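Please examine the sequence and the structure shown here.

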Amino acid sequence: MMKAERAKVRNMFRSKEGIGAGIVRDSGNVIEVEHLTKKFGDFIAVNDISFDVHRGEIFGFLGANGAGKTTAMRMLTGLSFPTSGQGHVAGFDIRTQSEQIKRHIGYMSQRFALYGDLTVKDNMELFAGIYGVPRSEVGRRIDSLLDRLSLMPEKNAPVKDLPQGWKQKLAFSVAIIHRPEIVFLDEPTGGVDPAARRQFWELIYEAVDDGITAFVTTHYMDEAEYCGRISMMVDGRIEALDSPAALKRKYRADSIADVFDLLARGARRTE
């Protein structure tokens, strides 16, 4: 997608018009999943799910507590092996190439993986090293991210002294400092105010502009409206997958929250 088109999407985000158009950057998939299943004894946490994620899109992965989305994400990020089925992330097999997958993805959760006693710059240098960013590139990438996040004046401040919204932005920056093909965002806006949430989504759009695919879980249904496509899991299965606009038409709903509530009514299990 051209930057002008992405800017149009950002404008729709601000005005809440045209939400969920399902725009993607270009052809090709960065995630492909076929009949993926994960069992724990007799319990089927993830039950025969199949889907793909297009290169350059923002893909929402939704589900109520106990739906299986966290287990599915752990398989996609190389932290857990499937019981059956197949999956490829950034071209690598989730069964046999988990270490390669980890080098080509970024990950951010609600519990930020930051070191409070280190400065902003120290945290960025640390994660750049962990992710294998070439030494010759580290300083340039850090300065670029600090400028983009408006955190340059705070670069020598301990992370523990930052407001929560700034910590959130910093956590996102270290998750993409190595310029991964995909960034997994596991409820990244939990615990921050609405203004900080809006700013964070601007960062997601900018990352997608730079060629990074975003795989997002969230319990804020208004945020799900801003994804190109979303899937909804219920009791380990994907019950719906399409653009927000298409899902609202299909279920004759006014919002994604209404679609989610309709599908979640049939859930039989909780965490």
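## Contacts and composition

Of the contacts in the chain with a separation of 6 or more, 70% are between residues 24 or more positions apart; contact means heavy atoms within 4.5 Å. This is a predicted model, in which local features need pLDDT of at least 70 and side-chain atom pairs count only at pLDDT 80 or more, while totals for chains, interfaces and linings use all residues. Residues are numbered from 1 along each chain as its sequence is written, and side-chain values use heavy atoms, with hydrogens and water left out.

The chain contains 10 helices and 10 strands; these are DSSP runs numbered from the N terminus, helices (H or I) of at least four residues and strands (E) of at least two. Buried residues, those under 20% relative accessible area with a 1.4 Å probe, counting protein chains only, make up 52% of the 271 residues.

## The sheet of six strands

Six strands form an open sheet with mixed pairing, in the order S6-S7-S8-S3-S9-S10; two strands pair if DSSP finds at least two bridges between them. The edge strands are S6 (105-109) and S10 (237-242), each of which pairs on one side only.

Within this sheet, S7 (residues 182-186) and S8 (residues 213-217) pair in the parallel sense over 5 bridges. Ile 182 has Thr 213 in S8 as its bridge partner.

## The sheet of four strands

An open sheet with antiparallel pairing is formed by 4 strands in the order S2-S1-S4-S5. S2 (43-54) and S5 (92-93) stand at its edges with a single partner strand each, so one side of each has no neighbour in the sheet.

S1 (residues 29-40) pairs with S2 in the antiparallel sense over 8 bridges, and Phe 40 stands opposite Phe 43 in S2.

## The nonpolar cores

A nonpolar core is a set of buried Ala, Val, Leu, Ile, Met, Phe, Trp, Tyr and Cys residues joined through side-chain atoms within 4.5 Å. The largest such core has 51 residues, and Ile 58, Met 124, Leu 170, Phe 172 and Met 232 have the most contacts inside it. Helix H7 (residues 194-209) contributes the largest share of this core, 7 residues. Leaving aside residues up to four places away in sequence, Phe 172 touches Met 108, Val 183, Leu 185, Phe 200, Leu 203, Ile 204 and Ala 207.

A second, separate core has 25 residues, including Phe 51, Phe 61, Met 75 and Ala 90.

Key
Buried < 20%, exposed > 50% of the residue type's maximum accessible area, 1.4 Å probe, protein only.
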